[in-house]
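Here is a guided walk through a structure, written for someone meeting such models for the first time.

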Amino acid sequence: MGKSRYNIRHYPGFLWITVLCLVLLYAPLIVVMAYSFNDSLSITQWGGFSLRWYHDLFTGVESAKFKRAAVNSLFIALTAGVISTALATAAAIAMVRGGSFRGKTLSFGMISIPILVPEIVTAVAMLIFFTSIGLKLGYLSIVIAHIVFCIPFAYLPISARLQGIESAFEEAAQDLYAGRWQAFRYVLMPILMPGILSGFLLAFIISLDDFIITNFVKGAGMETLPTAIFGAVKQGIKPNIMALSTLLLLFSVFIVTLSYRLGRTNAKNSTH
Amino acid sequence: MAAIGSGKTVSSTYAPVRGWLLLPTWLTIGIFMLMPLGVMLVYSFLTKEFRGGVLWEFSFAAYDQFIFDRGLFGDEAPSIEWTYITIFFRSLVHALIATFFCLLIGFPTAYYIATRPTGSRYLWVYLITIPYWVNLLIRTVSMKFLIRDNGPINQALLNMGVIDAPIHLINTNVAVQLGLFYSYLPFMVLPIYAAVERYNISLSEAGADLYAGRWTILRTILLPVVKPGIIAGCILVFVPSLGAFLAPDLLGGAKTFMIGSLIEEQFKGTASNWPFGAAASMILLSIILAVLMLYARSQARGQV
Amino acid sequence: MLNMFTQRKTLALLFAATFTAGQAQADGKLSIYHWFEYIPQELLDKFSAEHDVEVTMDTYDSNESMLASLKAGKMGSYDVAVPGDYMVDIMAKEGLLDTIAEGELANKGNIEAQWLNVPFDDGRQHSIPYQWGSTSFSVNRDVYKGDISSTDILFNPPEELAGKINMLDSQGEVLAMAALHLGIPQCSTDKDQLKALDSLLSSSKENWASFGSDMAKDVLVSGDAAAGMIYNGFSAKGRAEGANIEYAYPKQGYIVWMDNVVLLKDAPNRENAIKFMDFMLEPENIAAVTNYAQYAAGVKGAGEFTDPALATSPESNPPADVSGVFIAVCDQATQEVYDKIWTRLRK
C-alpha cells in the first residue's frame, strides 16, 4: 500500500460517497425551499426573493382548507401519538422487565407486524374492515389506523432506553416497600421519560407523515395535510404548496432536533 | 452503551403483571391489524358487482383474473395472464435496483459515519436522520420538481451548455427507481451504521497488523460481522419499495403500474374491483412474508 | 410537559374530543363531491356566508371513480355530486339519486329550455345543469407545428409528439375517443370492432407518456407532455397560464358533455343540498363557475355575467364542419368488455 501504517477507519472514496449521499438527500429539499421564496407565478423562472407564497398560504383562498387540514393532522397525530406511546410503554415494560416467558417472541412479532406489512396492504385491509363492520369513515377510523401503525415506532426507542436502565433502581425501591406502581411512577418512569418522549415524537411524526393509509380510511370532506398536498400537487406543483412543504419540513427538522437532544441525554445517562 | 450489558440479564420486576401490560397492545393489533387482514382474505374470495360494489358470493374470480387470460370476451381457452405477473415482476426489479443502489451508497456512508470520533459522529447521524423524518410525499414531490424536463437540473445544465436537449427522466422507469432509492436511502444507512458502530474496530486493526489489505479486511472481517445490519437495511428498503405507491404515481406518470398503484387503482380508481384488490394485496403480503421467513431462517442459522 | 403525560384527565379529555369530533355531523352543513379544479373557492364561501352553512368538498377525477367510491361505502356521506351526462343516467339506474319534488327548486325556471328535457334525466328529476363543454386534445405548438385536426395526434402521433402524450385517466372518454378514431359506433357489440378497439389502444400505448386527468393541464404547462387529451376549458386555462397550446377539434369528431349537480340518495343535509342547487341556478353564481372553469352554463341570463372574452375564445368555438358526440351508456356485456380493455391497457 506504500504507506507504512494505514488508518483502518479510512477507505478511499468513502468520504466522497458520504458527501454524495447527503447531497442526494438534501438537494431536492433545498431546491423546493429555495423556490418557495420565488416571486414569480412561473415555477421555473426565478423572479426574485419574496414571501408572497407564505402570505398566500395563510390568507389566500385556499388558506381555510389548509388550516382545516393542519388542525386535523395535528389532532390526529397527537391522539394517535399519545395512545400508541401509552400502549408501547406498557408493552415495552412487559417485554423488557417481565422476565422470560412463553409467547415473548410471538409478542415481539405481533408488535412488529405494522412495520412489516406494506402500507398499501394495511390500507386495503383497514378500509375493507371498517366498511364491513359498518364503521363510518372519519376521524375515528383514521385515529384507530394511526394508533396501530404507530405502536412499533413508539415501542423501539422506549424498549431501547429501558434496556439501558439497570433494574437495580426499581428493585431498591421495592426493597424499601414501594409498591410496583409507586416504583414505576417515582423511580422507573422519570428515568425512562426521555425514551417515552422519543417514542412519542417518532410516533407523532410518523402519523403526521402518513399518506397512503389515511387516503384509504378518511371519510367524506376530511383532509389531512398530506392528502391535501397530494390532491393539490396532482394539478401542478404550485409555489404555495412549496411554501407549505417548506413549513412542514422545518417542523420536521424541529422535531428531529428535539428527539436528537433527547437521544443525547439518553446516551449520557446510560454511560453513568 | 456499556450499561446495556447489565440490562441484558433478564429482569423480571414486572413479571406478575406482564400479561396485563401486554394486553392492550395485543388487543389493538389483534383487532385492528390481524382481523382486517383476515377480512381482506375473505374479500379476495368474493364476487365483484357490476359497476362497483361486492356481492357476498364465494368465488375464485379474483385469483383467476390474476393468473388466467380468457380473452377479451371470456370465451377463449385460458392461457397464462401476463399482465399482473409483469406488474409484480417489474415491481420486484424496481425494488431490487433501488435496494442495490441504496446499499452501494449507504454502506460506505454508514461506515464512514460510524468510524468518526463521537462528537462529529452524532452530527453526521443527525444530518442523515433529518430527511428520514421529512414527509415522504414532500420528498417525492421535490424529486419530481427537480428532475422534470423544465426543472432546475435540466435548466441549469442547458444554461451551462452541458446538454442541448433536456434529459428526459420524468414518467420513466428510471424516475421511479430514482424515487424509490431516494425515498428509502436513510433506511439503509441507519441499521448499517448501528451495526458498524457496535463493531470492534480493533478486529480490523489486528487484520492490518497481519498485513491484510484494506479491502481484504473489509470483505473477510468487517462484512461478516455487520451482515445482520446490512440485511436489515436491505429489508427496510426492499419491503416498502415493493409496495410503493407515491413514486410510481408521481414520478412514473401512473402509466407503468407497480403493485402499489395496481392495488390502489382497484379501490380509488376506475377499476373498482375490491375482491381483485384484496387478492393482489394477499399475493403481495405472501411475497413479503416469504422474504421475511428467509431472513428469519438466515438469522437463526447465523446464531448457531 | 412531562407532567402532562401523567395527567389522566388530559388523556380523558383528548379521548372525549376524538369521539365527539368523529360525530360532528350537525345541521348547517353541506358535503359536496365534485370534480377537481372546477368551482372557485370564493363561490363556496359565498354560499357558506349566505346560508350559514359549513361547506366541505372532496374531489374526484373521473365519473367512473366517483361512482366506484360512492358504491364502495361513501353513499350517505355526500349531499350532492357533479356527474357528467351519461353518469347521471347510470347513477339513476343504480338507484343512487334522490328525486327533487315538483316545486322544490325555486329557480328551476332558470334552466335553459334545451337543457331541461335531456335524455339522461328527462324533466330534470334528479339534477340541474352545471356546465357543458367538450373533450378532445391539445398540442404544444412550440413542439409540433403541423396539422392537428385529426385524432391521429393521439393514436398515430407524429414523431415530435410520440412518447410525450398524456391521456385522461377516464375510461369513458378514452374509449369514446378511440371509437371516434376508428369510426365505429360507441358501445359496439360487434366482436371484431371491439377487438380493433382493444388492439388500437394497446398499440398506441407506447406513444403515451402518462395517464392523468387532474394533471392534464399541468403536464402541458410544465412541459412534461407535448400533447394531451384535455377538456376545452381546462386547456383554455393552461393557455392563460402561458403554455403555447392549441385545443383541437378533430375531424373524426370530439366528445361533448354536460356536468350536472345531482341530489344524492340518503343525503345527510338534503335541505342544504336543495339550497345549493337553487344557488347554482342563479345566473350570477353559475357564471362565476363559467368564468373560472371556462366552460358554458345552461342557465338563462348567465351570459350577462360571463367574461366577454369567453365568447370568442378558440376553445369554446368549434368549427362548423365537425361535430361532437355525447358518451353512450353501454349494456352490461359490452361494458364488461370495455372494463377489460381498460384494465389491459393499464398494465
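Residues are numbered from 1 along each chain as its sequence is written, while chains are lettered from A and ligands numbered from 1 in the order in which they are written.

**Confidence**

The model scores ipTM 0.89 and pTM 0.89. The pLDDT is the predictor's confidence in each residue, from 0 to 100. Chain C averages 90, and 92% of its residues score at least 70. Residues 1-8 of chain C stay under 50, and the model has two contacts for them beyond four places in sequence. Residues 10-26 of chain C are also below 50, with 14 contacts beyond near neighbours in sequence. Here, two residues are in contact if their C-beta atoms, placed from the backbone, lie within 7 Å. Where pLDDT is low, the predicted coordinates should not be read in detail.

**Chain C as a whole**

Chain C has 14 helices and ten strands. Helices (H or I, at least four residues) and strands (E, at least two) are DSSP runs, numbered from the N terminus. The C-alpha atoms of chain C fill a box of roughly 70 × 55 × 45 Å along the principal axes. Of the 347 residues in chain C, 50% count as buried. A residue is buried if 20 or more other C-beta atoms lie within 10 Å of its own, exposed if 12 or fewer, and partly exposed in between; these C-beta atoms are placed from the backbone. Among the contacts of chain C with a separation of 6 or more, 75% come from residues 24 or more positions apart.

**Cores**

A nonpolar core is a set of buried Ala, Val, Leu, Ile, Met, Phe, Trp, Tyr and Cys residues joined through C-beta atoms within 7 Å. The largest one has 174 residues, and A:V124 and B:L185 are among those with the most contacts inside it. Beyond four places in sequence, A:V124 is in contact with A:F216 and with residues of chain B, including B:M40 and B:I263. Apart from this core lies another of 104 residues, among them C:F137 and C:Y231.

**Helix 6 of chain B**

Is this helix buried or exposed? Twelve of its twelve residues are buried, so helix 6 of chain B is largely enclosed by the rest of the structure. B:R139 and B:K144 are among these buried residues.

**Where chains B and A meet**

Chain B places 85 residues in contact with 82 residues of chain A. Helix 2 (residues 18-43) of chain B gives the most to this side, with 16 residues.

**Single residues**

C:R141 is in the loop between strand 4 (127-140) and helix 6 (152-155) of chain C. With 14 C-beta neighbours inside 10 Å, C:R141 counts as partly exposed. Its contacts, leaving out residues up to four places away in sequence, are C:N244, C:I245 and C:E246. B:L34 sits in helix 2 of chain B and is partly exposed, with 14 other C-beta atoms within 10 Å. The table gives a C-alpha to C-alpha distance for each of these two residues.

| Pair | Apart in sequence | Apart in space, C-alpha to C-alpha |
|---|---|---|
| C:R141 and C:E112 | 29 residues | 37 Å |
| B:L34 and B:S59 | 25 residues | 23 Å |

Notes
Predicted model: local features only at pLDDT ≥ 70, side-chain atom pairs only at ≥ 80, totals over all residues.
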